[in-house]
Amino acid sequence: MKLKLALAFLLSISFSYSQTQGVAFPTVGKGVSTPFVTDYHALGINTSALGWRPRYAGKKFTLGTTEMAFGVSSDSLNSKKLMNLSKTLINAAQHKNPNEIDYKRQMESVGNYAEAGVAINFDYNWLGFSYYNEKFGGIAFNIRESYSWYSKLNSQTTDLLFRGKVSSVFDSLTVVYGSDTSRIANNANISQDTLNNVISGSLNVPIQLSALTKGTQIQMLWSRSYNIGYGRKLFGKDSVFEVYAGLGARLITSMAMFNMTSDETGIRMFSSITPTFDINYGNVSGSNVKTKSKGLAPVMGTGYGIDLSASLILFNKLKIAVAVNNIGSVTYKRNVYKVKDTLFASFELGGVNSDNITQSVNQLVRDNGLLTLEGEQKYTVINASDFRFGVSFDPIKYVRIGLDIVAPFNKENPGSLQNPVYSVGADIIPVKWLQFSIGYYGGGIYKHNMPLGVTFILKDGAYEFGIASRDALSFFLKNGTSVSAALGFARVRF
């Protein structure tokens, strides 16, 4: 299955994504971004910060590239299991052994992922640029690649995706030995040799697809955005009371979207996935179908997003900022499919062949997959918008502290946060060339995370690089609920 290849493409250009800090590695380490971000890092977070006076005197331009972030989080899985998942994804990116799993490992994966909420996020900054002038204000531009995944599966769906035709969901299995075909009752004591010869699993009494998958939610989004923003001071007295406002906009090109929810009201699914994933839809008719791909992944949908923000600075010590980001939508017109709620009786596909839960999309929508599809002409998805509120305070020259609240506008939209995330954090700057960051955050699908980061600042801010993690404790504690890293090494100011 080549779904893995598309994910490998993403991983090969990025080392991950943080939904609340983006690729702004100086803020990932403290978990607080809204009242701290500057220059092009403010895009999509707080564009009013573009109008703030630069931290480094005389530096009007900021240029950056090759900034990366990575995050895998779950409220149910521990750090060891999340690291195994991360290793599988990174191996795929490096075209290494896919670490195929046997029946026993499939059973373990079913136990791991059944009813566990799992979020995987990737982000990469291709290029960022900003300019500031006291009279003009600040303007910024960047190109960002992002991938987000969220899944929460019921036990039956998990079992089907990972074990396929030998799932315990089925009452009977069809087995072929040479020219001899037989049907046997399904049970936990069947030998591996018999399982290897199973060609399909069947239900004696078919079940409605919506009942089989009830409680399952999967959201996937892969997009590239071209962002621009402007911020400036509106009024106020310098160093006493200053009010700023910001406006941002983006052109969004999306290569893949998958949005499935199954609950007490039924099953709903829309997808539009680039041919890079190499999904064979079989004889399902669709509108404007694109089946082959060479070079970069073709765009499936286009849209826009709008950012609005405002901030207040008091006595050059206290910052208060609010923002609403990514108001807009994306319309998909290629490879658009929706699901039909049909009776489910049999399945012929094998299970996911590695510890990679993202492969499940292929199992769901491919020819003879779990879902029964029908084509659509187009489908519009409202963006994963968010609301932000942040406060920071500089008590002394070498210490900055702050708090942040980030909440979803509509958590049903692909790529959205599922619940509000709250955080507190601080920067400690013992010498002018070194910044340590530390913080705490929770909410969303996170329990108790402690971000940590270090940033090196050379030649009075002319060059900056650093590394951070959204939860450094997960590298040391067995019960950690996230694994993440953010890295940047090509930021210059002049």
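**Figure 1. Phe61, Phe129, Tyr131, Phe136, Tyr230 and Phe494 come together as one aromatic cluster.** The model is predicted: local features need pLDDT of at least 70, side-chain atom pairs count only at pLDDT 80 or more, and totals for chains, interfaces and linings use all residues. Residues are numbered from 1 along each chain as its sequence is written, and side-chain values use heavy atoms, without hydrogens and water. The structure holds 15 aromatic pairs. Rings of Phe, Tyr and Trp (its six-membered ring) pair if their centres lie within 6.5 Å; planes under 30 degrees apart are stacked, over 60 edge-to-face, and the rest tilted.

**Figure 2. Trp222 and Phe277 form a tilted aromatic pair.** Their centres are 6.0 Å apart, with 50° between the planes. Trp222 belongs to strand 8 (residues 216-237), while Phe277 is in the loop between strand 10 (266-273) and strand 11 (301-314), so the pair ties together parts 55 residues apart in sequence. Helices (H or I, at least four residues) and strands (E, at least two) are DSSP runs, numbered from the N terminus. Both Trp222 and Phe277 are buried. Buried means under 20% relative accessible area, exposed over 50%, and partly exposed in between (1.4 Å probe, protein chains only).

**Figure 3. Tyr463 and Phe465 make another tilted aromatic pair.** Here the figures are 5.6 Å centre to centre and 40° between the planes. Tyr463 is partly exposed, at 28% relative accessibility. Phe465 is partly exposed, with a relative accessible area of 28%.

**Figure 4. Lys30 lies over the face of Phe36, and Lys319 over the ring of Trp52.** Lys30 is 4.8 Å from the ring centre of Phe36. The charged end of Lys319 is 5.0 Å from the centre of the Trp52 ring. A charge sits over a ring if NZ of Lys or CZ of Arg is within 6 Å of the ring centre and within 35 degrees of the ring normal.

**Figure 5. Arg53, Pro54, Arg55, Tyr56 and Arg400 lie nearest the centre of the largest pocket.** The pocket holds about 1200 Å³ of space, and 49 residues line it. Several elements each supply at least two lining residues, among them helix 2 (25-28), strand 3 (118-133), strand 4 (137-152) and strand 24 (482-493). The lining has 21 nonpolar, eleven polar and 17 charged residues. Ala, Val, Leu, Ile, Met, Phe, Trp, Tyr, Cys and Pro count as nonpolar; Asp, Glu, Lys and Arg as charged; the others, Gly among them, as polar. A pocket is an open set of points on a 1 Å grid over the protein atoms alone, where a 1.4 Å probe fits, with protein on both sides within 12 Å along at least five of seven lines; lining residues have an atom within 4 Å of a point. Grid points are joined across faces, edges and corners, and the volume is the space filled by probe spheres set on them.

**Figure 6. Ser130 is a buried residue of strand 3.** Its relative accessible area is 4%. Beyond neighbours within four places in sequence, Ser130 is in contact (heavy atoms within 4.5 Å) with Asp39, Tyr40, Lys60, Phe61, Thr62, Ile139 and Ala140.

**Figure 7. Asp278 has a positive phi, near 55°, although a residue other than glycine.** Asp278 is in the loop between strand 10 and strand 11. Asp278 is partly exposed, with a relative accessible area of 41%. Asp460 also has phi near 55°, and is placed in the loop between strand 22 and strand 23 (463-469).
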